[in-house]
Amino acid sequence: MHRLSSRSVSAILRTGGVRYRNLAPSISTSHDSAVEDDFTLPQFQSRWYSALTAAKRNASGSTPHLNIRCGLLFGNRYESTAVASDSSDPPAEKYEYQAEVSRLMDLIVHSLYSNKEVFLRELVSNASDALDKLRFLSVTDPELMKEACDLDIRIQTDKDNGVITITDSGIGMTRQELVECLGTIAQSGTAKFLKALKDSKDSGSDNNLIGQFGVGFYSSFLVSDRVVVSTKSPKSDKQYVWEGEANASSYTIREETDPEKLIPRGTRLTLYLKRDDKGFAHPERIQNLVKNYSQFVSFPIYTWQEKGFTKEVEVDEDPSEAKKDGEDDTKTEKKKKTKTVVERYWDWELSNETKPIWLRNPKEVTTEEYNEFYKKTFNEYLDPLASSHFTTEGEVEFRSILFVPATAPTGREDVINPKTKNIRLYVKRVFISDDFDGELFPRYLSFVKGVVDSNDLPLNVSREILQESRIVRIMRKRLVRKAFDMILGISMSENRDDYEKFYENFGKNLKLGCIEDHQNHKRIAPLLRFFSSHSEEELISLDEYVESMKPEQKDIYYIASDNLKSAKNTPFLERLLEKDFEVLFLVDPIDEVAIQNLKTYKEKNFVDISKEDLDLGDKNEEKEKELKQEFGQTCDWIKKRLGEKVASVQISNRLSTSPCVLVSGRFGWSANMERLMKAQTLGDTSSLEFMRGRRVFEINPEHPIIKDLNVASKVCPDNPDAQKAIDLLYDTALVSSGFTPENPSELGGKIYEMMGIALVGKWTATPVNQPGRIRSPETMEAEVVEPAEAGGQK
């Protein structure tokens with residue numbers, strides 16, 4: 001909406017509306033007329049002319065009066081209405097986006113690549129593309145190979161001056177191709193060539209060219225101030241030189257006239273390194289980068305290296321020593337003195353000797369070749385425990401070789417580090433990255449090493465980041481499946497020691513998988529191993545446990561503890577051992593969490609025998625009812641004494657020799673988990689009370705101490721010794737059940753005192769002359785009084 005004053009209207013009439021051209025989109029001459037979205041100056045002037053003519057005619061009486069004050073001329077506000085433009089609107093003009101070359105170059109150099117050293121990968125890949133292109137075209141045009149040059153790539157460095165020269169004997173470029181490929185950023189000659197191959201009926205299937213983004217060449221400016229490209233195409237008789245600088249918005253092309261710089265065919269790149277990046281010109285660093293990124297390029301890559309050989313040379317003798325030797329023995333023929341020296345020289349050295357064996361048929365590769373490839377690629381000195389070489393076709397195509405190492409990494413860093421460097425990703429044999437955050441392999445399988453080579457992976461322009469996509473998810477799923485098949489093969493090996501060695505090194509990783517990867521529980525569970533009450537010396541699998549289960553046993557029982565000795569001596573085992581039920585001993589800190597995440601195995605539930613409501617399948621409701629009636633008062637008495645320390649006191653069905661035990665609530669932490677949580681350096685102490693949950697004090701009605709306490713609860717519930725005995729029983733149960741006492745230093749004296757007073761032997765009620773006194777049988781033999789003599793008090 002726009003508003004015009006009378007002064008503005010006068011200005012429009014004087015200037016023809018030139019100053020108000022931009023006001024057109026929301027101007028209307030009446031309330032009812034629709035606002036046109038756009039109109040030209042002649043239309044605007046025509047409407048004003050019509051309005052003025054009507055006003056003049058009204059003055060002469062020939063036309064109705066036009067009240068200009070109420071219309072547009074005097075600035076009344078009108079709201080525009082959006083309508084579809086009619087056919088009379090002029091056509092919209094189309095413009096191409098304009099890119100500021102200097103700004104685009106700045107983005108490529110400073111934002112596109114995160115690691116400077118990838119410049120060599122990009123340039124070597126471009127050189128490999130040029131060789132590939134020449135090889136394809138020479139099939140139909142043999143004249144392109146008339147210059148007898150080997151198809152190779154050569155890299156020479158001058159570390160003193162900070163210069164790197166990369167030369168290939170590929171197809172080269174004409175002057176026009178120089179302008180099209182290097183003069184236009186993001187213009188990829190490789191992409192054009194691939195499209196031409198695709199459109200051609202005679203295009204081969206082996207068109208594995210990587211440089212399709214058109215920015216790979218400009219990665220040279222990551223480390224260079226100036227780049228000179230000298231190229232000779234077999235289609236042209238002249239050699240041309242392209243030259244550009246990092247901060248310039250232009251480049252130059254000239255014809256090469258120096259005879260010493262002429263090449264028969266191909267392209268030579270000369271990089272003049274920046275001051276801070278001259279370290280890249282060191283021969284050894286260049287060789288390491290080639291081996292890391294371009295090890296499996298299909299063409300030989302030679303680097304200019306300093307070499308040496310040893311030889312013997314004569315040395316001049318000291319005259320005094322020579323005279324002395326001559327006096328000693330003038331008749332003996334004197335030998336000339338020599339010394340060993342190393343003579344240095346420079347020569348070409350092949351830097352990509354290792355061949356990509358994943359491209360070969362697995363049936364043709366021997367175990368020794370796999371082991372040698374593994375050692376060279378991952379700098380290992382031991383043979384792997386297992387390997388898996390496979391090719392996946394169909395929706396996603398890739399080749400891969402996976403290995404299981406013989407030893408765990410030092411410090412086990414990969415267990416907690418989400419980023420692994422054990423899976424090397426290649427795209428068309430060019431190394432992309434080994435730094436992934438769980439895209440190709442989950443964290444718990446980080447110990448698996450291998451290579452993955454694919455032509456279909458979605459990468460960003462810099463080819464450093466693997467983008468999330470359906471292809472990546474499918475690839476990850478198949479890699480994980482193959483890894484589990486490989487580990488399962490080790491577990492089924494005749495040599496049991498192989499899997500024991502594997503589980504010792506990587507068992508924690510599998511248990512971590514129980515927590516993180518619920519989709520693969522069925523693959524992980526058969527690979528787990530534990531000690532048990534029937535196998536204290538040798539680890540067993542869950543399959544072996546299920547096979548040895550008793551017919552009446554419904555669940556898989558386990559107990560978590562800090563070590564094997566504590567697990568074997570826990571009172572929770574008493575009834576289960578009597579029934580010959582096997583119990584798993586979870587002595588690794590991660591075991592309990594892993595089992596809780598598994599929940600079931602082969603339709604058998606995992607049951608913690610230290611939790612309340614343990615069902616051993618032998619419930620006798622009538623007997624339980626009798627025991628509750630007999631010991632109900634005792635349970636209430638003990639609960640009243642212990643107060644908030646326990647949630648309840650119940651009669652136990654898991655004890656046979658111990659008087660009592662302290663069990664955890666069904667949904668709270670167990671004693672082992674509570675101990676682990678307290679030991680956390682950065683643990684949240686506020687959650688301890690919440691997650692500790694309820695504790696249940698269970699008593700054994702068959703134990704003599706509990707029977708005597710049952711009598712005491714009815715005879716002398718307020719006796720201080722009896723109540724003290726309850727406190728001591730609770731403290732001993734706290735320790736025997738695996739809980740950590742609040743005051744460990746005081747507990748030792750309490751237990752010692754309890755054992756001296758009453759824990760050894762039966763307890764009995766005392767006569768009336770010592771009311772409420774409870775003593776051991778040894779002190780009561782001469783004082784036993786019949787209930788009638790005690791005045792009816794029992």
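Biologist: Which residues gather in a patch of positive charge on the surface?

Modeller: A patch is made of residues with over 30% relative accessible area and no salt bridge, where like charges are joined within 9 Å and nonpolar side chains (Val, Leu, Ile, Met, Phe, Trp, Tyr) within 5 Å. Accessible areas come from the Shrake-Rupley method with a 1.4 Å probe, and for residues only the protein chains shown count as cover. A salt bridge is a side-chain nitrogen of Lys or Arg within 4 Å of a carboxyl oxygen of Asp or Glu. Lys and Arg count as positive and Asp and Glu as negative, while His and the chain ends are not counted; each charge is placed at NZ of Lys, CZ of Arg, CG of Asp or CD of Glu. Here the positive patch consists of Lys477, Arg481, Lys482 and Arg523. This is a predicted model, in which local features need pLDDT of at least 70 and side-chain atom pairs count only at pLDDT 80 or more, whereas totals for chains, interfaces and linings use all residues. Residues are numbered from 1 along each chain as its sequence is written, and side-chain values use heavy atoms, leaving out hydrogens and water.

Biologist: Which helix gives the most to the positive patch?

Modeller: Helices (H or I, at least four residues) and strands (E, at least two) are DSSP runs, numbered from the N terminus. Helix H11 (residues 470-491) gives the most, with 3 residues. Arg523 lies in helix H13 (residues 521-524).

Biologist: What is the phi of Arg429, and where is Arg429 found?

Modeller: Most residues other than glycine have a negative phi. Arg429 is not a glycine, yet has a positive phi of about 75 degrees. Arg429 sits in the loop between strand E11 (423-427) and strand E12 (430-433), and is buried at 11%. Glu603 also has a positive phi, of about 65 degrees. The loop between strand E18 (600-601) and strand E19 (604-608) holds Glu603, which is exposed at 80%.

Biologist: Which residues form a negative surface patch?

Modeller: Glu621, Glu622, Glu624, Glu626, Glu630 and Glu702 form one. Glu626 belongs to helix H18 (residues 621-642) and is exposed, with a relative accessible area of 53%.

Key
Buried < 20%, exposed > 50% of the residue type's maximum accessible area, 1.4 Å probe, protein only.
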